[in-house]
Every structure is written in structure tokens, then in C-alpha cells.
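Colleague: I would like to go through this structure with you term by term, and to hear for each label what stands behind it. Could you show me the structure before we start?

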Amino acid sequence: MLDAIHLTLLIGPIVPIPAPRVVIDALKSVTVTTAAGSPSGFQLDFEFPTDSALNTLLLIAAGTNASPATPPLRIMLIVTLNGVLTPLFDGVMNTFDIQAGQNGSAGTITVTGSDLTAVMDMIDFSGLPYPAMPIEGRFAVICAKYAAFGLIPLPVPVLFPDVPIPVDRIPTHQGTDLQYVRKLADDVGYVFYLEPGPVPGTNIAYFGPEIKVGIPQPALNIDMDAHTNIESMSFSFEPTKGVQPIVFIQNQLTRVPIPIPIPNLNPLQPPLGVLSTPLANITMLNDTAKLNPMQAISRGLAEAKKSQDSVTANGELNVLHYGRMLKARGLVGVRGAGFAYDGLYFVESVTSTLSRDSFKQRFTLTRNGLISITPKVPA
């Protein structure tokens with residue numbers, strides 16, 4: 001790796017240990033993808049001769065990872081950049097792809113995997129009851145099963161709570177833990193994801209609304225001579241993306257459905273552009289009539305938040321030039337793109353690629369309007 005960057009690779013069941021020297025020597029590149037709304041993933045590329053001990057090591061690892069009676073093989077990636085240690089990824093192996101060497105050339109092994117949500121998707125717990133327990137309480141109970149993997153639950157109370165009364169109904173688990181948590185999140189307009197850290201070996205299990213406020217990351221500078229810190233960036237604007245959802249609540253006496261339009265008002269997702277996304281479409285959520293009012297409103301808020309980001313930016317940066325790693329699910333400033341596209345953006349996804357001579361990141365930014373709402377962004 002580069003002098004200013006050091007990558008630490010740990011492998012093992014539940015509590016991983018530093019990888020042996022033969023594995024480190026064969027490692028050629030690492031790719032990690034983090035995106036809002038989807039699990040994180042990784043890819044490790046190894047290069048090895050036919051008689052390398054790496055064949056035997058990975059064969060044992062693959063056999064151990066294949067049995068449901070044994071814990072999956074855990075992978076941790078830690079980056080030390082300019083002396084600052086940052087957990088980059090924490091997950092488990094999924095597949096091994098092997099390409100044999102030919103004509104005297106070395107062979108390759110590609111190992112892919114996903115974050116620890118894969119562990120939550122291994123066992124079906126359907127039928128497990130949760131009497132008189134709110135949604136965030138159910139989430140905390142589910143995360144307690146994975147304390148050995150360092151999961152730290154961070155649930156946010158639901159804006160419109162619906163605590164079931166046991167004499168009326170008792171919610172039960174449906175599917176695997178991952179499937180059930182995602183269903184709970186979709187029902188109330190929340191997101192669920194795992195984020196490695198704050199220290200290696202731990203993971204924040206976030207269950208709450210998509211937050212688009214906070215301290216922005218240092219600005220991405222375009223065409224600013226010596227201050228330029230990215231390699232490329234392109235923008236797109238989709239003015240017809242805005243949707244006005246309408247939910248229906250049924251009057252219990254007359255059985256007449258009452259339509260309620262859901263405004264795009266979310267204090268955790270304030271406008272990042274002066275000219276916000278226009279409402280070009282209307283969506284009728286007819287299936288909400290069978291829900292209670294709190295559930296129907298939550299479903300409408302979930303639908304409203306999907307359609308507001310009409311501005312998208314894609315680009316690539318060199319981490320050494322930028323001075324730090326760009327993180328997904330946070331804010332970042334953009335400078336030098338022009339009056340319409342400068343300002344703050346939400347980092348939708350980041351793909352980090354490390355090799356022995358470079359560390360680059362491809363990213364996707366989104367925003368819910370044109371023209372910056374702030375005159376300056378943090379440099």
C-alpha cells in the first residue's frame with residue numbers, strides 16, 4: 001500500500017485475527033461498496049502461483065463457512081490513513097471464484113461477501129411473539145442475539161407509535177431477523193443498516209429515519225486549480241420525479257375512506273436546494289385503508305421520501321488528494337460546479353478501491369433541488 005495508507009485484514013469466525021503473511025502477500029486489491037438503502041459489500045482479489053499455500057488456507061475457510069453448524073467466516077478491514085485508524089468494513093464471506101493460471105502466469109482468487117446483515121438472514125424465527133412491545137423494542141431484542149458480533153442497537157422511537165394491546169393482538173416474528181427488521185422499517189418509513197465502528201469489532205445497527213442533517217464532510221472541489229481534490233464529476237437533474245402520496249383512512253362508523261395528502265415536510269431531511277423538486281405525480285396508496293391512522297400516515301411518509309431527490313452527481317476522487325475517506329450516508333459540500341449545482345449534497349453511495357499503488361473512491365450524491373441554500377460550504 002502507499003506510505004500514508006495502511007490496510008489491516010482480519011479473518012476468523014466471530015472474533016477475527018490478523019491474516020497470515022501468505023494471505024497479505026497475495027492480496028492485490030480490495031473493493032468495498034457502501035450505499036444508503038442496501039447492505040454493504042466487499043471484494044478481495046488475490047494472485048497466487050499453483051503451489052501456493054493460499055490454496056489450502058482458502059479451501060479450509062470455504063469448507064468451514066459452508067456448514068450451518070459453524071459460524072460464518074468474518075472479514076474485517078481497517079484503514080489507517082495519516083495515522084488515523086478507521087474501520088472500513090466488517091462482514092462475512094459469501095463466495096469464492098477461482099481462475100487457474102495459464103502459460104506460467106499466476107492464478108487469481110476473488111472473495112466476495114456482505115456486511116453482518118447476512119448473519120441476520122440465516123435462521124427463520126417466524127412465530128416468535130412480541131406482546132405489548134413497540135417496534136423499537138422488538139428491534140433491540142433482535143439485535144441482542146448478535147452481541148457476539150459487536151452489534152450495538154441504535155433505534156429511534158417511531159414518530160407515530162402503535163403499541164399493540166395484548167388482548168387485541170400480539171405481533172409475531174415473520175421470516176428471518178433481517179426480513180422482519182426490514183419490514184418494520186418499511187412500515188414506518190425508516191431505514192435499517194449496519195455501520196462499522198466506532199472501534200474495530202463493533203457495528204452500529206441503526207434503525208430510524210434517513211437523516212440528512214449534521215456536520216458536512218470537507219468540500220469536493222471541481223476545477224479550482226491547486227484546490228481541486230477530485231478527478232471527475234457529472235450531474236443530472238430529473239424535474240418530473242416528485243410524487244405527492246395520498247393515503248386513505250377508513251371511518252370506523254361509516255366505513256367511508258378519507259383521503260389525506262402527505263406533505264413533504266421532514267425535519268430530518270430539510271431542503272438542500274432553493275428550487276425544490278416539483279410535485280409532478282400523484283400516488284394513491286389504496287391499501288392503507290385497512291391500517292390504523294398512525295400506520296397509514298407512516299406508510300405515506302415512507303412513500304414521500306422516496307421521490308424527492310431530483311439532482312444526482314457521480315464522480316471519483318483520490319483519497320490522498322482529498323485527505324480523508326468520503327463516507328456514505330452523510331453530507332458533503334460541492335464547489336466549482338456552478339451556481340445551480342454548488343452546495344450541500346447527501347452521499348448516497350461510495351465504492352472504495354484499494355491497491356498497492358492507489359486508493360480511489362467512486363461516489364454518488366443526491367439532492368432535493370437546485371441552487372444551494374447556503375452561501376458557503378465547509379472546506
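Colleague: What makes the contact of Glu231 and Lys360 a salt bridge?

Modeller: The side chains of Glu231 and Lys360 meet at 3.5 Å, N to O, and a salt bridge is defined as a side-chain nitrogen of Lys or Arg within 4 Å of a carboxyl oxygen of Asp or Glu, so the pair carries that name. The two partners come from distant parts of the chain, 129 residues apart, with Glu231 in the loop between E11 and strand E12 (232–237) and Lys360 in strand E20 (residues 359–367); helices (H or I, at least four residues) and strands (E, at least two) are DSSP runs, numbered from the N terminus. Please keep in mind that this is a predicted model, in which local features need pLDDT of at least 70 and side-chain atom pairs count only at pLDDT 80 or more, while totals for chains, interfaces and linings use all residues. Residues are numbered from 1 along each chain as its sequence is written, and side-chain values use heavy atoms, with hydrogens and water left out.

Colleague: Why are Glu231 and Lys360 called partly exposed?

Modeller: Buried means under 20% relative accessible area, exposed over 50%, and partly exposed in between (1.4 Å probe, protein chains only). Glu231 has 41% relative accessibility and therefore counts as partly exposed, and Lys360, with a relative accessible area of 28%, is also partly exposed.

Colleague: Let us turn to the rings. How many aromatic pairs are there, and why is the pair of Tyr130 and Tyr180 called stacked?

Modeller: The structure holds eight aromatic pairs. For Tyr130 and Tyr180 the values are 5.8 Å centre to centre and 5° between the planes; rings of Phe, Tyr and Trp (its six-membered ring) pair if their centres lie within 6.5 Å, and planes under 30 degrees apart count as stacked, over 60 as edge-to-face and the rest as tilted, so the pair is stacked. Tyr130 lies in the loop between strand E7 (107–115) and helix H3 (135–144) and Tyr180 in helix H4 (residues 177–188), so the pair ties together parts that are 50 residues apart in sequence. Tyr130 is buried, with a relative accessible area of 2%, and Tyr180 is buried, also with 2%.

Colleague: What makes the pair of Phe235 and Tyr345 tilted?

Modeller: The ring centres of Phe235 and Tyr345 are 6.2 Å apart and the planes stand at 50°, so the pair is tilted. Phe235 lies in strand E12 and Tyr345 in strand E19 (residues 343–355), so parts that are 110 residues apart in sequence are tied together. Phe235 is partly exposed, at 26% relative accessible area, whereas Tyr345 is buried, at 0%.

Colleague: How do you know that the charged end of Arg367 sits over the ring of Tyr345?

Modeller: A charge sits over a ring if NZ of Lys or CZ of Arg is within 6 Å of the ring centre and within 35 degrees of the ring normal. The charged end of Arg367 sits over the Tyr345 ring at 4.4 Å from its centre, and Lys145 lies over the face of Phe125, at 3.5 Å from the ring centre.
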